[in-house]
Amino acid sequence: SQQGEEDPQALSIQEGENATMNCSYKTSINNLQWYRQNSGRGLVHLILIRSNEREKHSGRLRVTLDTSKKSSSLLITASRAADTASYFCATDATGTASKLTFGTGTRLQVTL
Amino acid sequence: DAGVTQSPTHLIKTRGQHVTLRCSPISGHKSVSWYQQVLGQGPQFIFQYYEKEERGRGNFPDRFSARQFPNYSSELNVNALLLGDSALYLCASMKTGDPYEQYFGPGTRLTVT
């Protein structure tokens, strides 16, 4: 079963705009990770945020984590056409570091 | 360094047949996990192996089995294939210790007809 939900399910923006997608989960976690998937192929690891961290940056990516609300957000700034993909959050529950539970994903479309 | 590799890329099988999927982790990674991703959904955890031992199992029937070899590569076996087994099968490797980042291979697309 899926751990939680990504919101929105689909997002269409123009190049240069910012894209924000949200993730909710159900159980206590050690870490939360975000992945990108192009056209049903393998998952590319984007960023990991620990349960004791509130915000993390990597290049054009900014991730926040609110453990009290069991939610996270991924912000992609100055989006590019190459950012078009599906984005998934994945959590590893306390004591199960190797078992990732994925959300349902957000499909991002960036148009020129 | 090479990433996670999986073979084959695509596979077509008939109901009732057996399939073996293969995965080689990133060099130095001792943990391998398998996930099933049905079209339109997020991946679901099937197995995790570490140092050749099963360390975790998801909610999948006994038709699914796996093993890990001394070189840390892994095989996923599925017996008595059903149409519902059609999916992208992903392998992920993870190094020992914190942070527990998992790195995924390109996947094997299995179609059961």
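This is a predicted model: local features need pLDDT of at least 70, side-chain atom pairs count only at pLDDT 80 or more; totals for chains, interfaces and linings use all residues.
Start by selecting Pro8(A), which sits in the loop between β1 (5–7) and β2 (10–14) of chain A.

Residues are numbered from 1 along each chain as its sequence is written, chains are lettered from A in the order in which they are written, and side-chain values use heavy atoms, with hydrogens and water left out.

Now hop over to chain B and pick Pro8(B), in the loop between β1 (5–7) and β2 (10–13) of that chain. The peptide bond from Ser7(B) to Pro8(B) is cis too, with omega near -10°.

Stay on chain B and select Lys52(B), in the loop between β5 (44–50) and β6 (53–57).

Next, show both chains together. Here 22 residues of chain A are in contact with 26 residues of chain B, contact meaning heavy atoms within 4.5 Å. The area buried between the chains is about 1800 Å², and carbon and sulfur atoms give 50% of it. (Buried area is the accessible area, with a 1.4 Å probe, that two parts lose on being put together, summed over both.) Highlight Arg41(A), Leu43(A) and Ser98(A): this trio supplies 27% of the area that chain A buries against chain B, more than any other three residues.

Last stop: the largest pocket, with a volume of about 390 Å³. (A pocket is an open set of points on a 1 Å grid where a 1.4 Å probe fits, with protein on both sides within 12 Å along at least five of seven lines; lining residues have an atom within 4 Å of a point. The volume is the space filled by probe spheres set on the points.) Which residues lie nearest its centre? Select Gln37(A), Ser86(A), Phe88(A), Arg107(A) and Gly40(B), out of 21 lining residues.

Methods: Grid points are joined across faces, edges and corners, and a volume is the space filled by probe spheres set on the points. Helices (H or I, at least four residues) and strands (E, at least two) are DSSP runs, numbered from the N terminus.
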